[in-house]
Amino acid sequence: TSRVPRPGFSKNLPLLNIFAGLKMALLPMAIITLFWKDQIGLSLAEILLLQAIFSLATLVMEFPSGYISDRIGYRFALNLACLLGITGWATYTLAGTFTGVLIAELQLGASYAFISGADSALLYETLRYDGREEHYAKYDGRMTAWAQAGEAIGAVGAGVLYGWLPLLPFVLQVGVWVAALAICRNLKDIPAPPRESISHLQEAADIARKAFSQPGIRYTILLAALLGLSSFYPVWLIQPYMQTLNVPLSWFGPIWAVANLCVSFGSIISHRVQFHLGVRGTPLLLLALVVAGYAGLAFSQVIWGFAFYFLLTIMRGIQGPFLRLALQKQSDRHERASILSLKSLVFRLGFVITGPLVGVLADRSGLSLCFLVLMIIQLLLIALTLRPFLKHSAIFLES
């Protein structure tokens with residue numbers, strides 16, 4: 001039986017949900033590719049390069065930010081992330097060139113690096129402190145659902161706002177992050193048990209060594225990165241893809257909202273999918289959704305072809321809580337945010353290396369061939385990773 005939440009810490013759960021909704025209430029996202037193309041004048045290759053640089057900035061900060069979160073506090077990291085979010089979106093309102101957008105993206109990259117791992121680790125530690133860590137997947141799914149619901153709500157009117165004034169979504173986004181800062185200031189850190197003092201550099205190196213030498217953690221991180229990339233490439237390609245299908249601009253916001261509701265739906269049912277399909281059946285479902293989604297985008301030439309993108313967003317929702325739970329169960333208190341940040345680091349590194357190449361392929365060969373090539377490559381890589389993942393991580397998820 002679960003214990004009654006301890007006063008002072010139980011409020012972390014609803015606050016983390018609200019913060020998740022605010023951090024993902026990204027009003028510009030449903031139209032940002034159009035903004036880059038039509039207002040700034042960027043090509044698809046430049047857009048993917050920009051996102052690769054964003055990922056590089058996040059990558060550089062990922063592990064240090066996770067380590068700082070574990071040492072100074074998750075609340076501190078989230079408050080700092082909010083401040084960086086405010087300055088980043090404020091910079092966007094002044095940007096008019098690739099360089100201006102890049103400066104804004106670098107600030108936002110650092111912001112999301114400090115969020116990465118800190119919110120999930122604080123959620124797990126709050127539940128563990130109350131003796132309810134076995135319910136982590138359910139609460140993580142709820143937090144993800146709030147995040148995607150926030151993005152869906154933010155996207156609904158994005159096309160209309162963009163039509164009125166292209167900068168309006170960016171101006172309103174600054175206010176969203178001010179509200180997020182107000183929420184984070186009310187979070188409480190869970191006290192960490194005392195540990196023998198060693199140098200920070202040595203401890204950080206020990207955590208990184210464990211993450212990449214312990215097979216269960218290593219293959220969980222690799223699988224999470226591959227599945228994350230599978231759902232991330234289309235984020236930047238789906239808007240020009242819809243343009244080629246002559247999807248009306250007024251549809252862009254609602255379609256983005258539905259996509260995020262699909263992520264929300266996937267995250268909510270994630271623990272139920274694992275219960276019914278098991279630890280071994282769930283990754284196979286994720287692989288099937290990747291293949292079906294990309295195949296549909298590659299071969300569909302009708303106006304509703306964008307709907308195949310929803311399969312990839314459902315996959316994204318299911319895999320998040322499933323694989324974060326696997327990492328949480330293989331991590332200790334003093335390394336939890338650091339290891340979750342390393343997961344994000346590998347994902348970001350993968351995008352830094354491959355993102356610009358995908359952009360060049362899309363520009364030169366067209367989106368249909370680009371989606372087909374991505375489907376084949378990801379099918380092979382994910383299939384090769386599944387066996388060692390199940391061999392080394394299944395025991396933790398089944399316990």
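With which residue does R128 form a salt bridge? The partner is E125, and the closest N and O atoms of the pair are 2.7 Å apart. A salt bridge is taken here as a side-chain nitrogen of Lys or Arg within 4 Å of a carboxyl oxygen of Asp or Glu. The structure is a predicted model, in which local features need pLDDT of at least 70 and side-chain atom pairs count only at pLDDT 80 or more, whereas totals for chains, interfaces and linings use all residues. Residues are numbered from 1 along each chain as its sequence is written, and side-chain values use heavy atoms, with hydrogens and water left out.

R128 and E125 are 3 residues apart in helix α6, and are therefore separated by about one helical turn. Helices are DSSP runs (H or I, at least four residues) numbered from the N terminus. An α-helix has 3.6 residues a turn, so residues three or four places apart point the same way. E125 is buried, with a relative accessible area of 0%, whereas R128 is partly exposed at 32%. Buried denotes under 20% relative accessible area, exposed over 50%, and partly exposed the range in between, with a 1.4 Å probe and protein chains only.

By the salt-bridge rule the count comes to 4. One of these joins D119 and K23, with the closest N and O atoms 2.6 Å apart. D119 lies in helix α6 (residues 118–129) and K23 in helix α1, so this pair ties together parts that are 96 residues apart in sequence. Both D119 and K23 are buried. A salt bridge is also formed between D130 and R132, whose closest N and O atoms are 2.4 Å apart. D130 is buried, with a relative accessible area of 4%, and R132 also counts as buried at 11%.

Helix α9 (residues 168–184) comprises 17 residues and reaches 25 Å from its first C-alpha to its last. This span is close to the 24 Å expected at 1.5 Å a residue, the expected value being 1.5 Å times one less than the number of residues. The buried residues of α9 are P169, F170, Q173, V174, V176, W177, A180, L181, I183 and C184. They pack against α1 (12–23), α2 (32–40), α4 (74–92), α5 (98–115) and α8 (158–164).

L297, in helix α12 (residues 249–299), counts as buried at 0% relative accessibility. Leaving aside neighbours within four places in sequence, L297 is in contact with I238, Y241, G305, F306, F308, Y309, L312 and F371. T144, in helix α7 (residues 136–156), is buried with a relative accessible area of 13%. Not counting residues up to four places away in sequence, T144 touches V263, S267, P321 and R324.

The largest pocket has a volume of about 280 Å³. Of the 17 residues that line this pocket, the closest to its centre are L229, Y233, T354, I377 and L381. Helices α11 (215–244), α14 (336–365) and α15 (367–398) are the elements that give two or more residues to the lining. By class, the lining has 13 nonpolar, 4 polar and no charged residues. Nonpolar covers Ala, Val, Leu, Ile, Met, Phe, Trp, Tyr, Cys and Pro, charged covers Asp, Glu, Lys and Arg, and polar the others, Gly among them. A pocket is an open set of points on a 1 Å grid over the protein atoms alone, where a 1.4 Å probe fits, with protein on both sides within 12 Å along at least five of seven lines; lining residues have an atom within 4 Å of a point. Grid points are joined across faces, edges and corners, and the volume is the space filled by probe spheres set on the points.

Note on methods: Contact = heavy atoms within 4.5 Å.
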